[in-house]
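Trainee: Could you take one part of this model and go through it closely with me? I would like to see how it sits in its surroundings.

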Amino acid sequence: MRLEVEGLEVAYGPVRALHGVSLWVDPGEIVAVIGANGAGKSTLLRAISGLLRPRAGRIWFDGQEITGWPPERIVARGLVHIPERRQLFASMSVEDNLRLGAYLRLRRGERKGVEEDLERVYEIFPRLKERRRQLAGTLSGGEQQMLAIGRGLMARPRMLLLDEPSLGLAPLLVRELFRIIVALREQGLTLLLVEQNARQALRVADRAYVMETGRIVREGPAAALLKDPALQVAYLGGPAPCRIPEPPSAEVLSYARLTRAAAPGDATVGEHGNRGDDAGG
Ligand SMILES: Nc1ncnc2c1ncn2[C@@H]1O[C@H](COP(=O)(O)OP(=O)(O)O)[C@@H](O)[C@H]1O
Ligand SMILES: [Mg+2]
């Protein structure tokens with residue numbers, strides 16, 4: 001089930017988000033799309049899965065042109081999109097969320113197959129089995145991501161479009177997630193993986209594309225991109241790990257202001273503006 005995208009153009013009203021994007025994914029591959037926030041990665045996946053209608057360009061999946069098809073018809077062909085931010089039903093149980101992933105099949109009366117798939121998803125994610133009756137909204141971020149993937153698997157995909165699955169996960173869970181992604185490929189799935197976590201994505205991918213402002217600006221084998229000096233500076237945090245501290249939150253800033261106001265010796269410092277560490281005003 002090869003996916004091929006050619007010259008895709010997508011706009012949100014007057015805002016053009018994709019400018020002639022072309023790519024392909026061969027059966028059994030993990031292909032990564034990396035790029036900064038706002039580059040157009042999610043837009044690309046939404047256009048492929050039929051949630052957005054492209055202004056121009058064509059999409060083929062498994063030998064058929066699917067451009068302009070409604071999302072349900074694309075899902076039924078086995079191309080399943082797992083969106084950014086998971087979009088689970090918080091007030092429904094884990095198991096009901098999973099069953100929803102198979103709703104097209106339940107509608108066709110494939111009850112037995114769906115029950116088998118539920119067991120298969122629980123094998124991949126034993127934690128979800130333990131929590132099958134728990135409400136999805138009470139799961140941790142990592143568990144919610146596993147549930148989102150599990151729900152996608154319930155549609156019996158042949159290819160998964162994964163949007164930022166590692167977003168907001170602790171490092172240990174990120175590693176587990178990428179292990180699962182590799183395991184899914186070993187079970188015969190093809191994956192198109194969108195990530196801001198470029199280093200991890202390139203480590204598991206066969207090939208990758210780099211997006212900037214709605215265009216593909218680089219492509220090649222993931223191993224080669226991982227070693228590319230220009231990419232290391234722009235997307236991989238430089239050759240040596242480097243950490244930029246987070247700016248203080250509004251709460252910390254207002255707390256700092258309060259404590260300064262309470263300390264008489266410090267109260268005038270801001271007015272003279274002679275201390276570099278005073279950001280208040
Ligand atoms: N619903 C929307 N309406 C208008 N503009 C949007 C919408 N979604 C995304 N955009 C714009 O399209 C561009 C690409 O966004 P997106 O595909 O979300 O990027 P990424 O997933 O790489 O962060 C950005 O400039 C973004 O502001
Ligand atoms: Mg996105």
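Mentor: Start with the whole chain. Among contacts between residues at least 6 apart in sequence, 64% join residues at least 24 apart. Two residues are in contact if their C-beta atoms, placed from the backbone, lie within 7 Å. This is a predicted model: local features need pLDDT of at least 70, side-chain atom pairs count only at pLDDT 80 or more, and totals for chains, interfaces and linings use all residues. Residues are numbered from 1 along each chain as its sequence is written, while chains are lettered from A and ligands numbered from 1 in the order written.

The protein chain holds 13 helices and ten strands. These are DSSP runs numbered from the N terminus: helices are H or I of at least four residues, strands E of at least two. Of the 281 residues, 36% are buried. Buried means 20 or more other C-beta atoms within 10 Å of the residue's own; exposed means 12 or fewer; partly exposed lies in between; these C-beta atoms too are placed from the backbone.

Now the part itself: helix α8, residues 171-186. Check its length. With 16 residues at 1.5 Å a residue, α8 should span 22 Å. That expected span is 1.5 Å times one less than the number of residues. The end C-alpha atoms of α8 are 23 Å apart, which agrees.

Which residues of α8 are buried? They are Leu177, Phe178, Ile181 and Leu184. Seen down the axis of α8, the buried residues fall within an arc of 115 degrees, so they line one face. The arc is taken from the directions from the helix axis to the C-beta atoms. The face of α8 away from the buried side carries the exposed residues Leu172, Arg179, Ala183 and Glu186.

Is Ile149 buried or exposed? Ile149 has 24 other C-beta atoms within 10 Å, so it is buried. Leaving aside residues up to four places away in sequence, Ile149 touches Ile82 and Pro165. Gly101 lies 48 residues from Ile149 along the chain, and their C-alpha atoms are 9.6 Å apart.
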